[in-house]
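This short report is meant to be read beside the sequence and the model. Please keep both in view while reading.

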Amino acid sequence: MTTATTDERALAELQREHGPALLSFLVGLTYGDRQRAEDLLQETLLRAWQHPEAFDAPYESMRPWLFTVGRRLAIDARRSRLARPAEIGDGVLAATPDPSDVTDRAVAALDVRAAVRSLSPEHRAVLVQIYFQGRSVAEAARALGIPQGTVKSRSHHALRAMARGLPGYSRRSLSSAA
């Protein structure tokens, strides 16, 4: 079974007569996106080719039919794009670390260890107690035999010294590297 299609000469004449106006109309509907408008124009002409009965309609011109089809296609395309999640460019993917790649975490861990070794023994002891052994300020103070205020002060100054020695790291990436 063959499906009837529009005569090629009639379609070419339709494109010559109404194509530029339809393209201009579609460019407006696509907010100036000429490529998308050209795609919609082609799809509109494809519909005209697939529906030869439209040429038999009692209209003086095919323009209203073409513009209606083009507008509906533009609306459908916009709804379809809005229903999909936004696409991201390759730049975002290139900058996003691979979660299965442990190299970045290993390098960060090495950098943190080097920064901890650069601290004074007193500052290092406080950080070891609080961050590596998970003790509270009070527990660290008892273990080190110093006042809680001193533990707080030393941890504050130690973290600031480490932050100066680890430019480019965020607190979040440092906590996962330790």
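The sections below cover the basis of the model, a helix crossing, an aromatic pair and a loop residue.

## Basis

The model is predicted, so local features need pLDDT of at least 70 and side-chain atom pairs count only at pLDDT 80 or more, while totals for chains, interfaces and linings use all residues. Residues are numbered from 1 along each chain as its sequence is written, and side-chain values use heavy atoms, with hydrogens and water left out.

## Helix 2 and helix 3

Helices here are DSSP runs (H or I, at least four residues), numbered from the N terminus. Helix 2 (residues 34-50) and helix 3 (residues 63-83) have axes that come within 9 Å and cross at roughly 125°. That makes helix 2 oblique to helix 3; angles under 35 degrees count as roughly parallel, over 145 as roughly antiparallel, 65 to 115 as roughly perpendicular and the rest as oblique.

Contact means heavy atoms within 4.5 Å. On helix 2, the residues in contact include Arg36, Leu40 and Glu43; on helix 3, they include Trp65, Leu66 and Val69.

## An aromatic pair

Phe25 and Phe67 form a tilted pair, 4.7 Å centre to centre with 35° between the planes. Rings of Phe, Tyr and Trp (its six-membered ring) pair if their centres lie within 6.5 Å; planes under 30 degrees apart count as stacked, over 60 as edge-to-face and the rest as tilted. Phe25 is in helix 1 (residues 8-29) and Phe67 in helix 3, 42 residues apart.

## A loop residue

Tyr31 is in the loop between helix 1 and helix 2. Its phi is near 55°, a positive value in a residue other than glycine.

Terms used: Axes are lines fitted to C-alpha atoms, for helices over the stretch in contact, and angles run from 0 to 180 degrees between N-to-C directions. Helices (H or I, at least four residues) and strands (E, at least two) are DSSP runs, numbered from the N terminus.
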